[in-house]
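Okay, thanks everyone. Let me put the model up and walk you through a few things in it.

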Amino acid sequence: MENVVILAKEEETPPWTERNIAVIDDFCKQIKSLTPDSVYLQLFYSHRQQFSTYEAVFTDGSKTVNHVGSAVGFNHLTIAEKLHDYSSVFTAEIYAILKALHTIELQDIKKWIIYTDSKSSVEALLYSSRDSHPFVIQCIKLMAICF
C-alpha cells in the first residue's frame, strides 16, 4: 500500500457537549423488498411538506471494484469527490455527511435536514465514542457548531 494517508486520532468531544441529533426513521419502518417505490415517494413528499422550513441536503457514498466516491446534493450545489481506493463504503458514506456539515457550517441558514441512506453512519453518530472513526468524531464536533 503506497501513499495511504493515516488519519490522526481525533480527540473526542467532552461528554457534557450536547448532541443535537434527531433521527426520523419513517423510511426504515418499511420492508424494502415488499414496499413499492411509490410508498417511499409518498413518505418522502409527506416528510418534506412537514419539514418545509428546513433546507434539505442529500448524501451518498459508494464503492465499486475500482472507485470509491462520496456525493452531497444541495438545492443548487452538488459536491462529488473520489476517495482513496482502499476506503470502505462506510468511510465514503460518513465522509459525505462530513462534507455536508462543512458546507452547512458556511451557510447563514441553521435549519437543515440531512437525508442519508446509511444506517451505519447514523448509528455511528448516535453512539460514537473516543474509538470512533475520525470522520464520525469530526461530524459530532461540526454538529455542535452548526446546530
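So, Tyr115 comes out at 11% relative accessibility, so we call this residue buried; buried is under 20% relative accessible area, exposed is over 50%, and partly exposed is in between, with a 1.4 Å probe and protein chains only. Keep in mind that this is a predicted model, where local features need pLDDT of at least 70, side-chain atom pairs count only at pLDDT 80 or more, and totals for chains, interfaces and linings use all residues. Residues are numbered from 1 along each chain as its sequence is written, and side-chain values use heavy atoms, with hydrogens and water left out.

What about aromatic pairs, how many are there? Seven in the structure. Rings of Phe, Tyr and Trp (its six-membered ring) pair if their centres lie within 6.5 Å; planes under 30 degrees apart are stacked, over 60 edge-to-face, and the rest tilted. Tyr115 pairs with Phe44: the centres are 5.4 Å apart and the planes sit at 65°, so that's edge-to-face. This pair links distant parts of the chain, with Phe44 in helix 1 (residues 37–50) and Tyr115 in strand 4 (residues 112–116), 71 residues apart. Helices (H or I, at least four residues) and strands (E, at least two) are DSSP runs, numbered from the N terminus. Phe44 is partly exposed, at 21% relative accessibility. Ring pairs also tie Phe44, Tyr45, Phe58 and Tyr115 into a cluster.

Over at Tyr54, there's an edge-to-face pair with Phe51, 5.7 Å centre to centre and 75° between the planes. Tyr54 is partly exposed at 28% relative accessibility. Lys111 lies over the face of Tyr54, 4.8 Å from the ring centre; for that, NZ of Lys or CZ of Arg has to be within 6 Å of the ring centre and within 35 degrees of the ring normal.

Four strands make an open sheet in the order 3-2-1-4, with mixed pairing; two strands pair if DSSP finds at least two bridges between them. Strand 3 (78–83) and strand 4 are the edges, each pairing on one side only. Strand 1 (residues 55–64) and strand 4 run parallel, joined by five bridges, and Glu55 stands opposite Trp112 in strand 4. Helix 1 packs on the sheet, touching strand 1 and strand 4, and its direction makes about 165° with that of strand 4. Contact here means heavy atoms within 4.5 Å. Axes are lines fitted to C-alpha atoms, for helices over the stretch in contact, and angles run from 0 to 180 degrees between N-to-C directions.
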